[in-house]
Amino acid sequence: SNLALMLAQLGWGDIQNGQGILKLFDGDIVEEHNLVSQAFYPQDVGKPKVEAMNDIIKSKCNFSVQTFNRMIVTEDKDVQSTYVFILTDTMKSRKEIFNNCLKYSYDTDMIIETRMGLSAGRIYAFNPHIGEEVNAWEKTLCTDEEAEVSACGASQSIINTAQFIASIACAKIIQYFCQQYCDKPGLNKWNEILFTLYPESFYM
């Protein structure tokens, strides 16, 4: 929700003004515990997340985006967009979305995937057409049992972490645009960003 709002505030999804299409996928509804870390308002509780997010974007940006009130399904053609952000809660869903919808997509030029725990975050950016970049990303994947527990459903506020991750994901797509369209050859497409909220001594 934080990233969707940031992208919309940059103009992404303003079709009438030639700013492309912004698609939102989610089959969940807004729950009270989402309010502390996501972009929703108390009056959104009980609404489908994509519909609530579209209402927020429309009120702030004066345009609507495309919404899909469902989870990603196998071989989902609607997912095959030029730029894809994978922002799910589980490793299993990340693998399924990539393998079923994006691995052999000729339409997708950049995938940005984020992971958020209570104490740390990760942001990955890669071109799915470049084998080395895909292999580097796939090496970071693990099972859900091995992964740090997602903070998305946490009752405590992690809004700063959520907004920080969204900001970096937003910056990565801007960096990609600079590389593609502004003749900045020094920028690499594959990128891995790791951060922790606590020093290493916290875990000792």
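**Figure 1. Helices H3 and H4 in the predicted model.** Helix H3 (residues 91-102) packs with helix H4 (residues 131-138) at an angle of about 160°, and their axes are 13 Å apart. The structure shown here, as in every view below, is a predicted model. An angle over 145 degrees counts as roughly antiparallel, and H3 and H4 are therefore roughly antiparallel to each other. The crossing in which H3 passes H4 is left-handed. On the H3 side the residues in the contact are Arg94, Phe98 and Asn99, and on the H4 side they are Val134, Trp137 and Glu138. Sorted by class, the contact of H3 with H4 holds 3 nonpolar, 1 polar and 2 charged residues.

**Figure 2. The whole protein, for orientation.** The protein contains 5 helices and 6 strands. Read from the N terminus, the order of its elements is α-β-α-β-β-α-β-β-α-α-β. Of the 204 residues in the protein, 42% are buried. Among contacts with a separation of 6 or more, 65% join residues 24 or more positions apart. The mean pLDDT is 86, and 87% of the residues reach 70 or more. Confidence is highest in H2, at 97, and lowest in strand E6 (residues 191-196), where the mean is 75.

**Figure 3. Helices H1 and H2.** The view shows helix H1 (residues 2-9) and helix H2 (residues 49-61), whose axes come within 10 Å and cross at roughly 30°. That angle makes H1 roughly parallel to H2, because angles under 35 degrees are counted that way. H1 and H2 make a right-handed crossing. From H1, the residues Ala4, Leu5, Ala8 and Gln9 take part in the contact, and they meet Met53, Ile56, Ile57, Lys60 and Cys61 from H2. The contact of H1 with H2 is made up of 7 nonpolar residues, 1 polar and 1 charged.

**Figure 4. Helices H1 and H5.** H1 also packs with H5, at an angle of about 45° and with the two axes 9 Å apart. This makes H1 oblique to H5. The crossing of H1 and H5 is right-handed. Asn2, Leu3, Met6 and Leu7 are the H1 residues in this contact, and their partners in H5 are Ile159, Ala162, Gln163, Ala166, Ser167, Ala169, Cys170 and Ile173. In the contact of H1 with H5 there are 9 nonpolar and 3 polar residues, and no charged ones.

**Figure 5. Ser167 and Asn2.** Ser167 belongs to helix H5 (residues 159-181). Its relative accessible area is 35%, so Ser167 is partly exposed. Along the sequence Ser167 and Asn2 are 165 residues apart, but their C-alpha atoms are 8.6 Å apart in space.

**Figure 6. Val65, a buried loop residue.** Val65 sits in the loop between H2 and E2. With a relative accessibility of 10%, Val65 counts as buried, because buried means under 20%. Leaving aside residues up to four places away in sequence, Val65 touches Leu22, Leu24, Asn54 and Ile57. One of these, Ile57, lies in H2 and is also part of the contact with H1. Val65 and Gly13 are 52 residues apart along the chain, and 5.8 Å separates their C-alpha atoms.

**Figure 7. Asn62, an exposed loop residue.** The loop between H2 and strand E2 (66-68) also contains Asn62. Asn62 is exposed, as its relative accessible area is 71%. Most residues other than glycine have a negative phi. Asn62 is not a glycine, yet its phi is positive, at about 70°.

**Figure 8. Asn17 and Phe63.** Asn17 lies in the loop between H1 and strand E1 (23-25). The relative accessible area of Asn17 is 55%, so this residue is exposed. Asn17 and Phe63 are 46 residues apart along the chain, with 10.0 Å between their C-alpha atoms.

How values were computed: Residues are numbered from 1 along each chain as its sequence is written. This is a predicted model: local features need pLDDT of at least 70, side-chain atom pairs count only at pLDDT 80 or more; totals for chains, interfaces and linings use all residues. Side-chain values use heavy atoms; hydrogens and water are left out. Axes are lines fitted to C-alpha atoms, for helices over the stretch in contact, and angles run from 0 to 180 degrees between N-to-C directions. Helices (H or I, at least four residues) and strands (E, at least two) are DSSP runs, numbered from the N terminus. Angles under 35 degrees count as roughly parallel, over 145 as roughly antiparallel, 65 to 115 as roughly perpendicular and the rest as oblique. A crossing is left-handed if the near helix is turned anticlockwise from the far one by less than a right angle, and right-handed if clockwise. Contact means heavy atoms within 4.5 Å. Ala, Val, Leu, Ile, Met, Phe, Trp, Tyr, Cys and Pro count as nonpolar, Asp, Glu, Lys and Arg as charged, and the others, Gly among them, as polar. Buried means under 20% relative accessible area, exposed over 50%, partly exposed in between (1.4 Å probe, protein chains only). pLDDT is the predictor's confidence in each residue, from 0 to 100.
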